[in-house]
Amino acid sequence: MTTLTVVMIGGLVVVISLLVIRLSADGPSLPAEITLPTGTTAEAVTFGNGWIAVVTTDNQILILDPDSQTIRQTIDIK
C-alpha cells in the first residue's frame, strides 16, 4: 500500500511538472500594433512562424511580414 501511494504521488509530481514546463514555454512574439492599409478594417488576426494573417471586412486575407509589416500576399475570399 505504501509503495502504491509513493508511486501515485511521484506520478502526480511528474504530471504537474510537465504541465508547468509546457504552459510556461515562450509563444510567438506578437507586435504591439499592426499597421493596415488605409480604409481596411480587421475582422480576425492569426500569427504563424514568420507571418501574420489579417482577415478584413472587405473579404480579403492579407499576409503580412511580422517585422516590416509589409503585405506579402493578398487573397480574395469569394
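**Entry 1: the hairpin**

I started with strands β1 and β2, residues 42-48 and 51-56, and found them paired in the antiparallel sense over six bridges. The model is a predicted one, so I read every value below as computed from predicted coordinates.

I then looked up which residues face each other across this pair. A44 is opposite V55 of β2, and F47 is opposite I52 of β2. I checked the connection next: β1 and β2 make a hairpin, with two residues between the strands. In that turn I noted G50, which has a positive phi of about 90°.

**Entry 2: the sheet**

How many strands form the sheet, and in what order? I counted four, ordered β1-β2-β3-β4, in an open sheet with antiparallel pairing. At the edges I found β1 and β4 (71-76). Each of these has a single partner strand, so one side of each lacks a neighbour in the sheet. I also took down the twist, which averages 20° from one strand to the next. As a reminder to myself when viewing strands: side chains in a regular strand alternate between the two faces of the sheet.

**Entry 3: helix α1**

I moved on to helix α1, which spans residues 2-23. I recorded 22 residues for α1 and a reach of 32 Å from the first C-alpha to the last. That is close to the expected 32 Å at 1.5 Å a residue.

Is α1 largely in the open or buried? I found that the number of buried residues among its 22 is zero, so α1 lies largely in the open.

**Entry 4: a nonpolar patch**

I looked for nonpolar side chains on the surface and noted a patch made of M1, L4 and M8. Together these residues have about 410 Å² of accessible area. I checked M8 separately: this residue is in α1, and its relative accessible area is 56%. I list M8 as exposed because that value is over the 50% cut-off.

**Entry 5: the salt bridge**

I searched for salt bridges and the structure holds one. Which residue does D65 pair with? The partner is R72, and the closest N and O atoms are 2.9 Å apart.

I also checked the exposure of D65, whose relative accessible area is 16%. I list D65 as buried, because buried means under 20%.

Note on methods: Residues numbered from 1 in each chain as written. Predicted model: local features only at pLDDT ≥ 70, side-chain atom pairs only at ≥ 80, totals over all residues. Heavy atoms only, no water. Pairing = 2+ DSSP bridges. Patch = residues over 30% accessible without salt bridge, like charges linked within 9 Å, V, L, I, M, F, W, Y side chains within 5 Å. Areas by Shrake-Rupley, 256 points an atom, 1.4 Å probe, with all protein chains shown as cover. Salt bridge = Lys/Arg side-chain N within 4 Å of Asp/Glu carboxyl O. Buried < 20%, exposed > 50% of the residue type's maximum accessible area, 1.4 Å probe, protein only. Expected span 1.5 Å × (residues − 1). Axes fitted to C-alpha atoms, helices over the stretch in contact; angles between N-to-C directions.
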